Amino acid sequence: YPARMTLDTKARATAQRLIAKYGKAVSYTSVADGSYDPNSGTVGQGETVHNVKALVGGYSFPGDRFMLDFIRGSDRKITLAAAGIPFIPKAGDKVTVDGEVLTVLSVDPFYSGELVATYTLHGRK
């Protein structure tokens, strides 16, 4: 018989649908350590680019001076739907928005029950 959809999977599907509809196209680059090169003594980096939709905005902290020590005016908040992306975002990855490359400083998952519904990324030039 068909599998029953839980609230967890409904929230993930809703986040995916809304971000696909209202988000903007961005390029997400997963950066991974590659193999060790004994000739140069370095570890290369491998990159995989994914074209996804995301909600992109800035940070606003009226009256919260503490956060201004950590957030710069050009930083961006990027929200991805967890369902439908073939990667798990992590610090050090890159997001390209309108030709501007942002480095992911942190990733905050938002859970619906046991499943991640969205990831909120802190991006910086």
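1. First, the ground rules. This is a predicted model, in which local features need pLDDT of at least 70 and side-chain atom pairs count only at pLDDT 80 or more, while totals for chains, interfaces and linings use all residues. Residues are numbered from 1 along each chain as its sequence is written, and side-chain values use heavy atoms, with hydrogens and water left out.

2. On the strands: β4 (94–97) pairs with β5 (residues 100–112) in the antiparallel sense over 4 bridges. Strands here are DSSP runs of E with at least two residues, helices are runs of H or I with at least four, and both are numbered from the N terminus; two strands pair if DSSP finds at least two bridges between them. The two strands form a hairpin with 2 residues between them, and Asp-98 in the turn has a positive phi of about 50°.

3. β5 also pairs with β6 (residues 115–124), again antiparallel, over 9 bridges. Here Pro-109 stands opposite Tyr-119. This hairpin has 2 residues between the strands, and Gly-113 takes a positive phi near 70°.

4. The term stands for a side-chain nitrogen of Lys or Arg within 4 Å of a carboxyl oxygen of Asp or Glu. Asp-98 lies in the loop between β4 and β5 and Lys-24 in strand β1, so the pair ties together parts 74 residues apart in sequence. Asp-98 is exposed, at 64% relative accessible area, whereas Lys-24 is partly exposed at 31%. Buried means under 20% relative accessible area, exposed over 50%, and partly exposed in between (1.4 Å probe, protein chains only).

5. The structure holds 4 salt bridges, and another of them joins Asp-75 and Arg-124 (2.8 Å, N to O). Asp-75 lies in the loop between α2 (65–68) and β3 and Arg-124 in strand β6, so this pair ties together parts 49 residues apart in sequence. Asp-75 is buried, with a relative accessible area of 1%, and Arg-124 is buried at 16%.

6. How many aromatic pairs does a search of the whole structure find? There is 1. The ring centres of Tyr-28 and Phe-87 are 4.3 Å apart and the planes are at 15°, so the pair is stacked. Rings of Phe, Tyr and Trp (its six-membered ring) pair if their centres lie within 6.5 Å; planes under 30 degrees apart count as stacked, over 60 as edge-to-face and the rest as tilted. Tyr-28 sits in strand β1 (residues 24–37) and Phe-87 in the loop between β3 (76–81) and β4, 59 residues apart. Tyr-28 is buried at 0% relative accessibility, and Phe-87 is buried at 10%.

7. Finally, Ile-88 is in the loop between β3 and β4 and is exposed, with a relative accessible area of 62%. Leaving aside neighbours within four places in sequence, Ile-88 is in contact (heavy atoms within 4.5 Å) with Asp-93 and Tyr-119. Ile-88 and Val-107 are 19 residues apart in sequence and 9.5 Å apart in space, C-alpha to C-alpha.
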